[in-house]
Amino acid sequence: MAAIRTVFPPYQYRQEEILAALARTTLLESETGALVLRKIHANSGVETRSLSLPLEKLVELTRGKDFTEQNRVWLDTAMDLGEQALTGALRTAGVQPDEVDAVISTTVTGLAVPSLEARLAHRVGLRPDVKRIPLFGNGCAGGAVGLARLHDHLLAHPDQVAVLLAVELCSLAHQFADGSVANIVAGSLFGDGVAAVVALGSRRDGCPAGPALVDTHSLLVPGTEDVLGWDIGSHGFRILLSPEVPALTEKHVPTAVQGLLARHALAPHQIASWIIHGGGPKVFTAVQQALGLEPGALELTRRSVAERGNLSSVSVLDILRAAMETPPPANTPGLVAAMGPGFAIELVLLRW
C-alpha cells in the first residue's frame, strides 16, 4: 500500500451534544428510556464525532423529509468528500490519476446509480477505461472486503495500480425518531468519514510506504442474516443490530483467524499489529478475550472510536492509516479484521 487518506466533514460534535439532540427527538416512552439513552452513550467509548450537516439541520432533515432528500444530501456530500480523499491519497502516493488501472468503491449508507466511483472517475481524472468494482452491503466489514479485493486484483495484475474508496455518512442514514434499543445504540456510536487507499502491484515501480497485502480470508456464519444490517423501505435505512453480535464475534473470530494464520504457519502471538474494526466496547472485549490479546493490542481501535465514532467500512482504514504512522519492524505480520452483515468476518493478512 502506498498511501491512505481519510477525510471527515467539518461539523464535529462532542458526544454530550449529540446525546442532547437525540434526547429531544428520539421517541422515548418513559423516564426509564431516557436513562437508557444516557447510559448507552456513556458506555460507548465515543468522545467526538464528525457529522455531514450541522446537528440541528441534520435532525430537521432526517425527521421532516423523506428518503429522497436524505439520499440527495448523502450523494452531494459523498462526492465532495470522496474527491478530497481520492486526490489526497493519489498525491501522497505520487500517482497520477490517469495511472490508476482499477478503482473499488464501498458504501452502505446511501444509494447511487451510477455508483460513486463512476461519478468520480472523470471528476478526478481517471482514465475512461479504468476497471470499476462497486461494492454495497458489506457494512462495517466493507473496508476489509475492499482491501481483499485490492489484493485479488493486484495479485492477478502485478504491474497495475488500484485504489479503494470507502464512503460512510452514517448520520444521514440515522432514524432520529426511532426509539428502539438498536437505534439508540447506533446513535451512540456511528460517525461520518471517507477513506481512500492507493496500492501498487508487486511489479509496479515505486516504494510503497505501508504494508503489503499478503492473503485474505472470509467466514460467513449461517442463519445470521437478521443479526446485523438494514431494514430498507420508504423510511430509508433502519438499523438491524442484535445483542448477539459480541457472542457471535467471540465464538467465530478465532476460527476465522486460525484458518488464515495456519496457511502461513503463524500464531496470534506473532501478529505485530491488530487492525480491528470492533464496532463498540462489547465487541472490543469479545475480540480481545477470544484471541487472548494483550490489553494494549486494540489501542488504535479504541482511539479511532473515541475520536471518530464507528465509521462502518471506513474504520479499519482509519486505524490502518494510524498504524502506518508508527509501523512495527519490517517483515512482521499484521492482521486486519472486521465484522459485518451476514454475519460475516473478513480478514486481511499484512506484512510490514
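I began in the loop between helix H8 (245-262) and strand S11 (273-277), where I found Ala 265. A reminder to myself: this is a predicted model. The phi of Ala 265 is near 55°, a positive value in a residue other than glycine.

Ser 312 sits in the loop between H10 and H11. Ser 312 is buried, at a relative accessible area of 3%. I flagged these entries because most residues other than glycine have a negative phi.

Then I turned to the peptide bonds. Val 113 and Pro 114 are joined by a cis peptide bond, with omega about 5°. I placed Pro 114 in the loop between strand S4 (102-107) and helix H5 (116-124). Another cis peptide bond joins Gly 342 and Phe 343, with omega about -10°. I located Phe 343 in strand S13 (residues 342-351). I made a note of both bonds because most peptide bonds are trans.

**Aromatic rings**

How many aromatic pairs are there? I got a count of two. Phe 67 and Phe 237 make an edge-to-face pair, 5.4 Å centre to centre with 70° between the planes. Phe 67 belongs to helix H4 (residues 67-93) and Phe 237 to strand S10 (residues 236-241), so this pair ties together parts that are 170 residues apart in sequence.

Phe 237 also pairs with Trp 230, and here the rings are stacked: 5.0 Å centre to centre, 20° between the planes. I put the linked rings down as a cluster of Phe 67, Trp 230 and Phe 237. I checked accessibility too: Phe 237 counts as buried at 2%, whereas Trp 230 is partly exposed at 25%.

**Helix H6**

I compared the length of helix H6 (residues 142-156) with what its residue count predicts. At 1.5 Å a residue, its 15 residues should span 21 Å, and the end C-alpha atoms are 21 Å apart, which agrees. Burial was my next check: 11 of the 15 residues are buried, so H6 is largely enclosed by the rest of the structure. Among the buried residues I listed Gly 142, Gly 143, Val 145, Leu 150, His 151, His 153 and Leu 154.

**Helices H10 and H11**

I went back to the two helices on either side of the Ser 312 loop. Helix H10 (residues 299-308) packs against helix H11 (residues 315-325) at an angle of about 120°, with the axes 9 Å apart. The crossing is right-handed. Which residues make the contact? H10 contributes Leu 300, Thr 301, Ser 304 and Arg 308, while H11 contributes Ser 315, Asp 318, Ile 319, Arg 321, Ala 322 and Ala 323. I sorted the residues of this contact into four nonpolar, three polar and three charged.

**Ser 171**

My last stop was Ser 171, in the loop between strand S6 (161-169) and helix H7 (181-189). Ser 171 is buried, with a relative accessible area of 5%. What does Ser 171 touch, not counting residues up to four places away in sequence? I noted Leu 51, Ser 52, Leu 58, Thr 62, Phe 176 and Asp 192.

Notes: Residues numbered from 1 in each chain as written. Predicted model: local features only at pLDDT ≥ 70, side-chain atom pairs only at ≥ 80, totals over all residues. Heavy atoms only, no water. Phe/Tyr/Trp six-rings, centres within 6.5 Å; stacked < 30°, edge-to-face > 60°. Helix = DSSP H or I, 4+ residues; strand = E, 2+ residues; numbered from the N terminus. Buried < 20%, exposed > 50% of the residue type's maximum accessible area, 1.4 Å probe, protein only. Expected span 1.5 Å × (residues − 1). Axes fitted to C-alpha atoms, helices over the stretch in contact; angles between N-to-C directions. Left-handed = near helix turned anticlockwise from the far one by under 90°. Contact = heavy atoms within 4.5 Å. Nonpolar A, V, L, I, M, F, W, Y, C, P; charged D, E, K, R; others polar.
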